[in-house]
Amino acid sequence: MDKKTIPLIPLRGLIIFPNMVLYFDVGREKSIQALEEAMLRDQLVFLTTQRDLEVEDPSPSDFYQIGTVAKIKQMLKLPGDAIRVLVEGQTRAKVESFVRTNDYFDVMYEELNDEIDETDIEAIALVRTIKETFQKYSSVSNKIPPEVVLSLQNIDDPGRFSDLIAPQLGVSIEKKQELLEAVDIKDRLRKVYELLLQEIEIVEIEQDINDKVKSQINKLQKEYFLREQMKVIQQELGEDEEPSSDADKFMERLNSLRLKKDVHEKIEKEIKKFSRMNPSSPDSMVTRNYVEWILDLPWNKSTKDRIDLPLARKILDEDHYGLEKVKERVIEYLAIRKLTNSLKGPIICLVGPPGVGKTSIASSIARSLNRKFIRMSLGGVRDEAEIRGHRRTYIGAIPGRIMTSIKETKSKNPLFLFDEIDKLSSDFRGDPASALLEVLDPEQNKTFQDHYLEVPFDLSKVMFITTANTTQTIPRPLLDRMEVIEITGYTVFEKEEIARRYLLPKQLKENGLTDYDVTISKEAMLAVIEGYTRESGVRELERKLAQVLRKVAAIIVEKNKKSFSVTKKNLENFLGPIKYRRDERDVENHIGIATGLDWTSVGGETLKVEVNLMKGKGSLSLTGQLGDVMKESAQAGLSYIRAAADKFGLNETIFKEYDLHIHVPEGAIPKDGPSAGITMATAMTSALTGKPIRSNVAMTGEITLRGRVLPIGGLKEKILAASRYGIDTVIIPADNESDLAEIPKQVLKGITVHPVKSMDEVLELVLIDENPAA
């Protein structure tokens, strides 16, 4: 046997036998170079097959060592640098060694001759038998062209015959490689015969399966046909007894859940109904989905509460600064949970302006309790089915979002947050707020029934937390079911602490500045808070810090700096001119202009009330988009002034000969409520008496016809607003004096608060007796 060198090309998914003529495409750089080298020599190339098709750059260990030496007959260049090659297999060969592997494979090979005595009776018998068997195979498979069968019948040489029939078999590459490696001709013929018999058996089984399936089904039921075909295949393989039916599996799961008797019986009834249904019917899928939904619910799965009060307090303090009322309520819950070992989940409503941390504190509470966290936004929800689901009579019915979320968390005691509960709406599809009445009632939610599921599920272990900006738009029955905790706006000092602890580290990380020495001075931070933001929360503050740090990042990259300090002096370079100034109030004392304090859903604001006195017929005009309650307060204030005209030295004729016009600026914004009563009364008294009002004084309180000052709400937000606007004196109702305990001492430090019971006290504090023109 001769040993020679020859270029080698590894093939993917293809085997070439001796005496075989075949086209294949060459695209890899090494293979193209091997092809070109072969053309420069004697047009012979060694063709072998890769073991793994996915290997793009094979090494010698990645392909078989036995292949075929082939003669290149024709080459055709294709688009994309590929080459189509026509080759004819010459002889078997074995790689002895690799001469070259870097730019292409060049190998030393040894030819494997397969000579045999033409008079060998066993070989002749095998050839005849294979010819007859191949004729049968071609007739049952319908995949072999008649001309191929005819050409094979005229070949008597055993070696050539075995090599030409092997490619016609629909067997794997590994099986064909075994035939190629079978140098002994008789051994090769036996393998061909064995594979041929296996293929005939497989084709006959396939035909038998098709015949059985076609006899059982209607031609229009394609899905049913596929299912029955799978059944027949399993029967032929003897696997029909292994897996139990879906209904049996459902029953096993149902029994393992240990549900209440009535629930168990209902689901068992549905499973039995499912077992009798045709699998291809639409009702079968509906029932299957329903049963799977019931079985997937966490009936007996829950997380264990972490009753560690110091750790819970530490986690809550790590995530949020302030919010003491909320934190204390969580600690109370844990303490009672530890003492009683059984407590229904509390239902808490966090009410406060945007940006104060209502939503994020709920996530921290879940972490401190070791509970799963679910958040469901109710803003704009109008459909009752969002809460309670659709009934199964509707096509495409699904459970409500509450049960869907419970199923996804795989726990029956998560912390469930209903965000923006004050933004619920209602229309012809129902009232979601009414649907929540059952959910948020500790006495009812232990048997909550979703319309789709139609079985009671215990929600009493769930800890419900809701958030809202105001309680005014929450229906009273719903509000009555919740424990309301008011979260007020942050003071300047609290905002600075929050910015230092949470906002600044977060923005440094998001802007890629954690590895650089970037600092913001205390004066600069206070300037951002007081000069560029005016809010109860800290969202705008975070946006301003992000704006500063983005510009700092640009400076660091452009000038290759390692550190940077933001000071009050260079702050305007990042944020522009200051938007809000503490001395924004008019320092002059004016007649007929009073400063009130107003509460809004985004915090406290100051409210200017202007009054003009003009000749007329004694009418009262009110402008500035005032609500009915505010208009009535103005009329009550005017009645008080007229009744006490002698006290103010006013002639009765002034009320008949002059008109009063009350205007509250920012007329595009609706305003309402009784707390501006004493402010409007003060402004009218000033206009009528000609006495100016102290500009450094702000006031809030409801007025009666007899001049009494009644209590108001939102005092902390109003005091904070006064502090932001540079007000140093605030008049409040005497009944609100106890609310001062909730206001931080830092805020009250620069403000003098005067509790009053009557308008006489108010006017004595704010009106200036001397003539302003003097």
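Here are some notes on the sheet, the helix packing and the aromatic rings of this predicted model.

1. Ground rules. Because the model is predicted, local features need pLDDT of at least 70 and side-chain atom pairs count only at pLDDT 80 or more, while totals for chains, interfaces and linings use all residues. Residues are numbered from 1 along each chain as its sequence is written, and side-chain values use heavy atoms, with hydrogens and water left out.

2. The sheet. Start with the open sheet of 5 strands, ordered S8-S9-S12-S7-S13 with parallel pairing. Strands (E, at least two residues) and helices (H or I, at least four) are DSSP runs, numbered from the N terminus, and two strands pair if DSSP finds at least two bridges between them. At the edges sit S8 (373-377) and S13 (483-486), each pairing on one side only. On average, neighbouring strands here are turned by 20° against each other, direction ignored.

3. Inside the sheet. S7 (residues 347-351) pairs with S12 (residues 463-468) in the parallel sense, over 5 bridges. Look for Leu 350, which stands opposite Thr 467 in S12.

4. A helix on the sheet. H13 (residues 358-369) lies across S7, S8, S9 (415-419) and S12, and runs at about 165° to S12. Axes are lines fitted to C-alpha atoms (for helices, over the stretch in contact), with angles from 0 to 180 degrees between N-to-C directions.

5. H22 and H25. The axes of H22 (residues 628-643) and H25 (residues 677-689) come within 8 Å and cross at roughly 45°.

6. H18 and H19. What angle do the axes of H18 and H19 make? H18 (residues 492-510) and H19 (residues 522-531) cross at roughly 110°, with axes that come within 10 Å. They are therefore roughly perpendicular to each other. Among the residues that meet are Ala 499 and Leu 504 in H18, and Met 525 and Ile 529 in H19.

7. Rings. The structure holds 11 aromatic pairs, counted when ring centres of Phe, Tyr and Trp (its six-membered ring) lie within 6.5 Å. Ring pairs link Phe 63, Phe 98 and Phe 105 into a cluster. Elsewhere, Lys 407 lies over the face of Trp 293, at 4.1 Å from the ring centre; the cut-offs are NZ of Lys or CZ of Arg within 6 Å of the centre and within 35 degrees of the ring normal.

How values were computed. Contact means heavy atoms within 4.5 Å. Rings of Phe, Tyr and Trp (its six-membered ring) pair if their centres lie within 6.5 Å; planes under 30 degrees apart count as stacked, over 60 as edge-to-face and the rest as tilted. Angles under 35 degrees count as roughly parallel, over 145 as roughly antiparallel, 65 to 115 as roughly perpendicular and the rest as oblique.
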